[in-house]
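Here are my notes on this model, point by point. Please read them with the structure open.

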Amino acid sequence: DKESEALVIRRINERYPHHAVLAVESGASGSGEGKWVIDPLDGTTNFAHQYPFFCVSIAFEQRGEILCGAVYDPVRDEMFSGARGLGSFVNGQPIRVSDVEKLGSGLLLTGFPYGVREKIQLAMSQFEAFIIESQAVRRGGSAALDLCYVAIGRCDGFWELDLHPWDTAAGVLLVREAGGQVTTFSGQPYRPGDAEILASNGIVHDEM
């Protein structure tokens, strides 16, 4: 985590010395209209156990709006990237959310909140409900990659509680630019740092 974050921040500071940074290990630094939101290793527990599902996530925000983002999966050598109004891509090729029309045919992804032991009943009740209503549910352990998988159509929906801005900033942009929808559980527009996130291909969103 620390070595990856130091490298990313050093490269950003070399090109954009006047931009602010928000990162997992070092927190917030700098000031200005431009801000880089960095998760240097999303899926740390997976990485530590050599479970091959982790990534680096970087987004750029200006005046509260995410303008572009990138998520890199080093295991599969997949670079997900996107910019507002320009679409989403993997290794330079355009990507699009799935066209699954019913939740009962949908593959969903989720993660448990950091304090899952204190919220076990809530987390498990949501998990149980979606297992019953969908075709299947998977828990990968990296919210940033989960969102990328919604964007590329490998799954049809994702939900989670208590994520930080660096977990979702890039992925949210990628889903939206790929034609998907991202809100809170009540359907309000999602902003990185909100207590709950619901992302989908847009078609099954209301059902979720």
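1. Start with how the elements are named: helices and strands are DSSP runs, numbered from the N terminus. With that in hand, take the second largest pocket. Strand S5 supplies the largest share of its lining, five residues. Keep in mind throughout that this is a predicted model.

2. More on the second largest pocket. Its volume is about 300 Å³. The lining has 16 residues, and Val8, Ile12, Trp36, Ile58 and Ala70 lie nearest the centre. Helix H1 (2–15), S4 and S5 are the elements that each give two or more residues to this lining. What is the make-up of the lining by class? It has 13 nonpolar residues, one polar and two charged.

3. The largest pocket holds about 510 Å³ of space. Its lining counts 25 residues; nearest the centre lie Asp42, Gly43, Thr45, Tyr114 and Gly141. At least two lining residues come from each of strand S3 (34–42), helix H2 (44–48), H4 and H5. By class, the lining has nine nonpolar, nine polar and seven charged residues.

4. How many cavities of 30 Å³ or more does the structure hold? The search gives one. The largest cavity contains about 40 Å³. Among the residues that line it are Thr110, Phe112, Phe127, Trp159 and Glu160. Helix H3 (120–133) and S11 are the elements that give two or more residues to this lining. Six lining residues are nonpolar, three polar and one charged.

5. The largest nonpolar core has 36 residues. Val71, Phe80, Tyr149, Phe158 and Ile197 touch the most other members. Strand S4 (55–62), S5, H4, helix H5 (165–177) and strand S13 (196–200) each give two or more residues to this core. H4 gives the most, with eight.

6. Look at Phe80 in detail. Leaving out residues up to four places away in sequence, its contacts include Val71, Phe89, Ile95, Leu145, Tyr149 and Leu174. Arg154 is also one of the residues that Phe80 touches. A second, separate core has nine residues, including Leu108, Phe127, Phe130 and Met208. Phe127 also lines the largest cavity.

7. Salt bridges next. The whole structure has five. Glu65 pairs with Arg84, with the closest N and O atoms 3.7 Å apart. Glu65 lies in strand S5 and Arg84 in the loop between strands S6 and S7, so this pair ties together parts 19 residues apart in sequence. Both partners are partly exposed: Glu65 has a relative accessible area of 37%, and Arg84 has 48%.

8. Asp73 and Arg76 form another salt bridge, at 2.8 Å from N to O. Are the two partners buried or partly exposed? Asp73 is buried, at 0% relative accessible area. Arg76 is partly exposed, at 37%.

9. Glu78 and Arg154 also meet in a salt bridge, at 2.7 Å from N to O. Why does this pair tie together parts that are 76 residues apart in sequence? Because Glu78 lies in strand S6 and Arg154 in the loop between helix H4 (143–151) and strand S11 (157–161). Glu78 counts as buried, at 12% relative accessibility, whereas Arg154 is partly exposed, at 35%. Elsewhere, salt bridges with shared partners join Glu65, Arg84 and Arg191 into one network.

Notes
Residues are numbered from 1 along each chain as its sequence is written. This is a predicted model: local features need pLDDT of at least 70, side-chain atom pairs count only at pLDDT 80 or more; totals for chains, interfaces and linings use all residues. Side-chain values use heavy atoms; hydrogens and water are left out. A salt bridge is a side-chain nitrogen of Lys or Arg within 4 Å of a carboxyl oxygen of Asp or Glu. Helices (H or I, at least four residues) and strands (E, at least two) are DSSP runs, numbered from the N terminus. Buried means under 20% relative accessible area, exposed over 50%, partly exposed in between (1.4 Å probe, protein chains only). A nonpolar core is a set of buried Ala, Val, Leu, Ile, Met, Phe, Trp, Tyr and Cys residues joined through side-chain atoms within 4.5 Å. Contact means heavy atoms within 4.5 Å. On a 1 Å grid over the protein atoms alone, a cavity is a set of points where a 1.4 Å probe fits but cannot get out, and a pocket is an open set with protein on both sides within 12 Å along at least five of seven lines; lining residues have an atom within 4 Å of a point. Grid points are joined across faces, edges and corners, and a volume is the space filled by probe spheres set on the points. Ala, Val, Leu, Ile, Met, Phe, Trp, Tyr, Cys and Pro count as nonpolar, Asp, Glu, Lys and Arg as charged, and the others, Gly among them, as polar.
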